[in-house]
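Morning, everyone. Today I'm going through the pockets, the cavities and the ligand site. Here is the model.

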Amino acid sequence: MLLENKVVVVTGGSRGIGRAIALASAREGADVAINYWGDNDRSYGKASAVESIVGEIEALGRRAIAVEGNVAERDTGIELIRRTVDAFGHVDVLSSNAGICPFHAFLDMPASVYETTVAVNLNGAFYVTQAAANQMKAQGTGGAIVATSSISALVGGGMQTHYTPTKAGVHSLMQSCAIALGPYGIRCNSVMPGTIATDLNADDLSDADKRAYMEKRIPLGRLGAPDDVAQCVVFLASDRARYVTGASLLVDGGLFVNLQ
Ligand code: RM4
């Protein structure tokens with residue numbers, strides 16, 4: 001078990017990639033604290049998305065708590081870490097995953113769309129990383145932080161002019177935190193998912209031509225699944241990556257390198 005008895009905190013952990021990270025961590029022996037924001041609807045049958053993921057983790061014999069909060073607000077990260085320590089006694093891994101991507105044209109993009117995307121994706125990553133790192137430093141036993149950046153940190157999107165800079169920022173945040181936190185034995189890395197089929201892009205990929213275009217561009221011939229990313233997060237969080245910090249791992253089926 002790669003994360004035996006570790007405590008893993010996942011932001012945006014009730015859906016998509018975050019949900020897969022939470023489940024994969026539990027399968028590898030971790031207890032999990034899940035941050036979510038507004039996922040109280042009954043989208044997973046009778047249970048809400050949050051109740052569903054907590055139930056799946058507990059069915060694996062691991063413990064789980066769910067803490068609601070908007071990571072864009074600094075206090076959310078502080079409260080999330082406090083509730084995690086109250087429940088499980090310590091924090092070993094942070095998956096800074098929460099993010100939004102409201103596709104929108106550049107020229108008429110309202111300030112609110114831009115500012116909300118920056119607040120959640122970049123400010124949120126900064127605040128929750130800071131809160132987790134302070135707890136890890138106080139514990140004195142190191143830790144691992146894995147941020148969900150994106151292929152979009154490296155390449156652009158015409159409908160993502162607000163979003164791609166935040167993913168580049170998350171990647172850079174991990175590089176600088178690797179330097180700042182290395183002395184405390186805290187490793188900081190990012191994963192860079194390609195086009196992964198989740199709620200985040202369900203509308204965008206409901207366009208058959210867009211979906212076919214993306215699938216054609218991917219050498220492995222399929223869109224990614226959330227667990228394709230989660231397995232890489234588990235690796236970077238685990239002791240198998242004990243000498244890896246300040247790094248980024250593309251998880252994109254070869255999309256980035258495929259010019260022709
Ligand atoms: C990713 C990448 C994908 C898009 C998602 C929302 O960074 O741009 O193509 O579907 O974001």
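The model is predicted, so to speak of local features we need pLDDT of at least 70, and side-chain atom pairs count only at pLDDT 80 or more, while totals for chains, interfaces and linings use all residues. Residues are numbered from 1 along each chain as its sequence is written, and side-chain values use heavy atoms, with hydrogens and water left out.

Ligand first. Its shell is Cys101, Phe103, Ser150, Ser152, Gln160, Tyr163, Gly194, Thr195, Leu200 and Asn201.

Now the polar contacts, meaning pairs of N or O atoms within 3.5 Å. A polar side-chain atom of Ser150 lies 2.4 Å from a ligand oxygen. For Tyr163, a side-chain N or O atom is 2.8 Å from an oxygen of the ligand. For Thr195, a polar side-chain atom is 2.9 Å from a ligand oxygen. Alone, the ligand exposes 300 Å², and the protein buries 89% of that. Those areas come from the Shrake-Rupley method with a 1.4 Å probe.

Where does the ligand sit? In the largest pocket; sitting there means more than half of its atoms lie within 2 Å of the pocket's grid points. Pockets and cavities are found on a 1 Å grid over the protein atoms alone: a cavity is a set of points where a 1.4 Å probe fits but cannot get out, a pocket is an open set with protein on both sides within 12 Å along at least five of seven lines, and lining residues have an atom within 4 Å of a point.

This pocket holds about 1,100 Å³; volume here is the space filled by probe spheres set on the points, joined across faces, edges and corners. It has 49 lining residues, with Cys101, Tyr163, Thr198, Leu200 and Asn201 nearest its centre. α7 gives the most to that lining, four residues. Helices are DSSP runs of H or I, at least four residues, numbered from the N terminus.

Last, the cavities. Two reach 30 Å³ or more. The largest has a volume of about 40 Å³, and Ser96, Asn97 and Lys167 are among its lining residues.

Terms used: Near = heavy atom within 4 Å. Polar contact = N/O pair within 3.5 Å; in protein donor to acceptor, adjacent residues only side chain to side chain. Helix = DSSP H or I, 4+ residues; strand = E, 2+ residues; numbered from the N terminus.
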